[in-house]
Amino acid sequence: MLAPATVIAWWDFLQTHHTLRRNYPLISRIRWLSNELRPFAQSYFVEGDLEGRPFSHQARALVYARAKGDLDSHPMGTELDVYSDEYEWLSHSITPREDAPEEWRKTIGAGTCSKPYDTALLNISAMSFGSLSARAIEALNAGAKMGGFAHDTGEGSISRYHRGPGGDLIWEIGSGYFGARASDGSFDPVQYRDNAQSDQVKMIEIKLSQGAKPGHGGVLPGPKVTREIAEARGVPIGETVVSPASHSAFSTPCEMLEWLSQLREMSGGKPVGIKLCVGQPHEVMAIAKAIQQTGMYPDFITVDGAEGGTGAAPLELSNSMGMPLREGQILVRNALVGTRMKDKVAIAASGKIHSGAQLAKSFALGADWCNAARPFMFALGCVQSMNCHTGRCPTGIATQTRWRQRGLVVEDKAPRVARFQKQTLHSLREIVIAMGLETPWDIKPRDMRERVNGVRSDSIDRVYTFVDEGILLDDPDSVPIGRHWNAASADTFARVA
């Protein structure tokens with residue numbers, strides 16, 4: 001031991017790149033070791049049950065328990081301070097409705113599609129093959145197949161690991177048009193048609209932006225474009241691939257809706273929607289105005305909150321850009337309700353949703369179904385080691401390294417994925433029953449309360465603005481969001497007033 005330590009000490013003393021190692025040979029390496037171990041020590045020895053970010057220990061423990069089929073009850077009452085702003089609640093009824101249906105599904109595209117889809121109320125949110133490992137994708141899709149719910153492909157397109165188990169797919173298409181990409185990076189309708197008409201693809205989702213890095217494109221370096229990734233994305237092996245920040249297939253709200261209609265037709269009549277993290281409110285209003293002007297509309301809008309996750313993003317974008325899910329969802333809801341379009345365009349909510357209570361709260365704000373990403377990673381065994389961006393994921397989920405993937409056994413993890421989804425929806429059903437309602441869509445803003453301060457609370461509809469049906473068409477100046485409506489045009493995403 002002494003000889004290797006001496007060699008390392010001399011190496012540190014003579015090198016010129018690190019001041020600490022040069023001034024304090026060998027012993028300064030303790031700093032780097034401590035820095036590597038810090039996330040694990042923090043998680044296992046320092047954090048309390050309600051601490052830990054982005055997901056608390058309590059939230060992760062709930063997902064683990066449900067995924068494994070363990071007891072998910074909690075003793076001694078809530079650990080939250082019910083007189084602080086960390087506590088909000090759903091209003092229960094003196095007469096719970098025990099005859100509520102065992103399961104609910106939402107039909108998407110009934111008015112526009114020859115092949116509408118009955119979606120589950122909790123689906124796997126967008127996570128690409130490449131960001132996640134082959135075994136993780138395979139386990140997620142196998143779990144979706146077992147549980148009868150959908151698996152969003154992420155913008156990395158449809159890989160062999162999505163196709164193998166045969167679970168329902170929501171095909172996400174981003175600005176890189178992977179799976180429908182011409183050699184110059186533009187949209188290729190022939191490739192699109194071939195993939196979209198697959199029986200496994202149930203809906204198509206056009207990604208305008210995502211919560212963790214809104215308004216940001218991406219670069220996939222050539223060395224990461226392996227044979228399998230190239231096969232899924234329809235790009236050359238080993239060549240660097242760019243995803244622009246914006247789409248090249250359209251430039252105005254009306255053009256976007258016309259393109260969506262073409263995509264619906266080319267898919268054989270499947271639901272087509274958009275996904276966005278809300279940024280400029282007038283842009284949402286511009287889409288609503290374009291719907292009014294053209295009579296064309298997306299079958300659904302997926303609202304991704306700024307709290308959404310990703311394998312890697314610039315810290316400034318994650319911390320300082322994008323509207324949180326609650327505000328974004330309310331704005332989209334108001335745009336649709338205010339233009340009498342809510343019955344035609346469904347809303348999906350995505351952003352740190354891991355429990356039945358969070359599902360219920362999203363329904364209170366206008367959601368028709370919800371998506372989750374990281375909670376399904378927890379169901380696979382993710383320990384929140386915060387190594388998604390390094391390729392050193394210890395659980396084999398967010399890595400392409402073969403030996404790291406070895407520990408993820410698809411046959412063991414797929415049932416956990418299905419079990420977590422089923423138990424979470426069971427929790428939602430128990431909440432609906434306790435509230436005395438028949439369906440989750442009966443939960444309204446008035447049924448959810450939030451603390452204004454330590455001595456006062458109020459229902460959500462008294463805290464946020466929820467507009468009446470048609471108000472943006474009839475009297476936009478009477479509501480606060482009318483200024484965003486007046487600043488919007490169907491012919492441009494730019495502000496016009």
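**Strand pairing, salt bridges and helix packing**

Ile-204 stands opposite Val-272, a residue of strand E10. This pairing belongs to a predicted model, in which strand E7 (residues 201-207) joins in parallel both with strand E6 (residues 169-173) and with strand E10 (residues 272-276). The model also contains 21 salt bridges, and helices H4 and H16 cross at roughly 110°.

**Strand E7 and its partners**

- Strand E7 covers residues 201-207 and is mostly covered, with six of its seven residues buried.
- Strand E6 (residues 169-173) runs parallel to E7, and five bridges join the two.
- Within this pairing, Leu-169 lies opposite Val-201 of E7.
- Between E6 and E7 the chain passes through helix H7 (residues 189-196), forming a β-α-β crossover that is right-handed.
- E7 also pairs with strand E10 (residues 272-276), through four bridges and again in the parallel sense.

- Side chains of opposite charge can pair when their charged atoms come close.
- Lys-106 and Asp-368 form a salt bridge through their side chains, with an N to O distance of 3.7 Å.
- This pair links distant parts of the chain, 262 residues apart: Lys-106 belongs to strand E2 (residues 106-108), whereas Asp-368 lies in the loop between helix H13 (356-364) and strand E13 (369-372).
- Lys-106 has a relative accessible area of 25% and is therefore partly exposed, while Asp-368 counts as buried because its relative accessibility is 5%, the cut-off for buried being under 20%.
- A salt bridge also joins Arg-264 to Asp-299, whose closest N and O atoms are 3.0 Å apart.
- Here too the partners come from distant parts of the chain, 35 residues apart: Arg-264 sits in helix H9 (residues 253-266), and Asp-299 sits in the loop between helix H10 (281-294) and strand E11 (300-304).
- Both Arg-264 and Asp-299 are buried.

**Further salt bridges**

- Arg-456 and Asp-458 form a salt bridge in which the closest N and O atoms are 3.2 Å apart.
- Asp-458 counts as buried because its relative accessibility is 15%, whereas Arg-456, at 42%, counts as partly exposed.
- Salt bridges link Glu-88, Arg-326, Lys-361 and Glu-450 in a network.
- Lys-361 of this network is among the buried residues of helix H13.

**Helix packing and burial**

- Helix H4 (residues 57-68) and helix H16 (residues 410-434) have axes that come within 7 Å and cross at roughly 110°.
- H4 is therefore roughly perpendicular to H16, a class that takes in angles of 65 to 115 degrees.
- The crossing of these two helices, H4 and H16, is right-handed.
- Helix H13 is largely enclosed by the rest of the structure, because seven of its nine residues are buried.
- Those buried residues are Gly-356, Leu-359, Ala-360, Lys-361, Ser-362, Phe-363 and Ala-364.
- Just after H13, Gly-366 adopts a positive phi of about 115°.
- The loop between H13 and strand E13 also holds Asp-368, the salt-bridge partner of Lys-106.

How values were computed
Residues are numbered from 1 along each chain as its sequence is written. This is a predicted model: local features need pLDDT of at least 70, side-chain atom pairs count only at pLDDT 80 or more; totals for chains, interfaces and linings use all residues. Side-chain values use heavy atoms; hydrogens and water are left out. Buried means under 20% relative accessible area, exposed over 50%, partly exposed in between (1.4 Å probe, protein chains only). Two strands pair if DSSP finds at least two bridges between them. A crossover is right-handed if, with the strands pointing away from the viewer, the path from the first strand over the helix to the second runs clockwise. A salt bridge is a side-chain nitrogen of Lys or Arg within 4 Å of a carboxyl oxygen of Asp or Glu. Axes are lines fitted to C-alpha atoms, for helices over the stretch in contact, and angles run from 0 to 180 degrees between N-to-C directions. Angles under 35 degrees count as roughly parallel, over 145 as roughly antiparallel, 65 to 115 as roughly perpendicular and the rest as oblique. A crossing is left-handed if the near helix is turned anticlockwise from the far one by less than a right angle, and right-handed if clockwise.
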